[in-house]
Amino acid sequence: MHVLQKEMILPNGVILSNRIAKSAMSENLSNKHHEPTPVLINAYKTWAQSGAGLLITGNIMIDSEAIGEPRNVVVQDRKNMEVLKAWAASVKGTNTQLWAQINHPGRQAMEQINSTLKAPSAVALKTGGRKNTTKKVPEVLSESEILDIIEAFAETSIILKEAGFSGVQIHGAHGYLVSQFLSPYTNIRTDKWGGTLENRSRFVVEVYRKIRERVGNNFPIGIKLNSTDFQKGGFSEEESMAVVKILSKEGMDLIEISGGTYEAPAMMGKRKASTIQREAYFIDYIEKVRKVTTTPLMLTGGFRTVSVMQDAVASNQLDIIGIARPFAVFPNIGNEINNESRTDFTCHIKKTGVKVLDGMMNIIWYEAQIKRMGQGKSPNPNLSGWSVFFNYVWLIVEQKLIKKPVVIKE
Ligand SMILES: Cc1cc2nc3c(=O)[nH]c(=O)nc-3n(C[C@H](O)[C@H](O)[C@H](O)COP(=O)(O)O)c2cc1C
């Protein structure tokens, strides 16, 4: 048995059957009303057989007024309980845990499909790519809105637990709302939610505590956290390590490390060529943070070869290997890693040749592959970048044209 095949027992006793986890990938596969679809559930049925110990869903929005992408799933009430149960049941009969990633995008909500953008402070995205084309300045969240969002994270979590998901992961990375609160660049508040690191981390701590209060001690809660934002004046490594310490003390079950934001997308490989070559983008940080916590650590970004994955876990720098893009192209990846029938999972996407579009391709090309998987088709390494782009534009147009569903809050 090699090191990646060994089970991992989380502090609360929950067992991950091996060290391979599918990191969150926004599938963009809800229906027009942000409800999970059979295609989405089918993709998870395929991944349930992939041999991974843990699958983390793409980000699920906690509020229908703040959506990251046109076809994100929203979970804010119990009206879709049956279909959520079917999604959670996709891993039934396997040794795979299915955790739901929960998210509020804050200023990274997609401007084209949301009526307002709200964030800790009125700091607009400099370059939002597909998220924010006019660099609209977000409205500042009031204290009562902050408390409502904290409550909403907890409400979404308990609904997902009731539906049968085996855990939740707070999206605290990549410049979304939790990470906006943490960063001194996007959080310039002068009340108790901003200023010192203690104040900036109050939001994530309160989100964690409120979720824990509702789901109990045995239900795993994880977080995806930035090692740094890779931005001048942003969340630094030192601050990130301090937050890891705080969250470990609070009882977080698993901390996944990533880095970057939509303005500085380090998480997608916007790193030095030597870093990409070395694979694990944030390994330097994980070595440092390992020394300040005993909470299980997962590292995501850049892992492509089995030998690098094995070395990373064998050296005890981290516990779980997080993998995203290769899961969209190699649906049997966990088994192939574990039995070493394939040892390299490098992916080559088809680009359009237009720089601004090809930035997006790093996401939407993979989303298109996930859709194929959900439709029962094999991944297509030759899938055209142009067809992916036009399909994506159509989704945004369609989302703008449809009337928003009436949301009945319980
Ligand atoms: C299609 C796609 C969607 C993504 N959506 C999310 C998401 O919803 N939540 C998240 O935390 N990260 C998301 N990511 C980032 C990945 O989880 C991961 O951090 C990144 O792709 C680097 O890992 P990799 O090199 O193994 O792909 C997404 C990445 C891709 C390609």
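Predicted model: local features only at pLDDT ≥ 70, side-chain atom pairs only at ≥ 80, totals over all residues.

Visitor: Ok. How many residues surround the ligand, and which are the closest?

Guide: There are 24 residues around the ligand. The closest are Ala 24, Ser 26, Asn 59, Ala 324 and Arg 325.

Visitor: New topic. Which residues of helix 9 are buried?

Guide: Helix 9 covers residues 283–290, and Ile 283, Tyr 285 and Val 289 are buried there.

Visitor: Why do they line one face of the helix?

Guide: Looking down the axis of helix 9, the buried residues fall within an arc of 150 degrees, so they line one face.

Visitor: Now the loops. Where is Phe 230?

Guide: Phe 230 sits in the loop between strand 10 (221–226) and helix 7.

Visitor: What's its phi?

Guide: Phi of Phe 230 is near 60 degrees, a positive value in a residue that is not glycine. Most residues other than glycine have a negative phi.

Visitor: Is Phe 230 buried, exposed or partly exposed, and why?

Guide: Phe 230 is partly exposed, because 18 other C-beta atoms lie within 10 Å, and a residue needs 20 or more to be buried.

Visitor: What is it in contact with, beyond its neighbours within four places in sequence?

Guide: Phe 230 is in contact with Gly 259, Gly 260, Ala 264 and Ala 266. Pro 265 is 35 residues from Phe 230 in sequence, and their C-alpha atoms are 8.3 Å apart.

Visitor: And His 174, where is that?

Guide: His 174 is in the loop between strand 9 (167–172) and helix 4 (177–182). Its phi is also positive, near 55 degrees.

Visitor: Buried or exposed?

Guide: His 174 counts as buried, with 26 C-beta neighbours inside 10 Å.

Notes:
Residues numbered from 1 in each chain as written. Buried ≥ 20, exposed ≤ 12 C-beta atoms within 10 Å, placed from the backbone. Helix = DSSP H or I, 4+ residues; strand = E, 2+ residues; numbered from the N terminus. Arc of directions from axis to C-beta. Near = placed C-beta within 6 Å. Contact = placed C-beta atoms within 7 Å.
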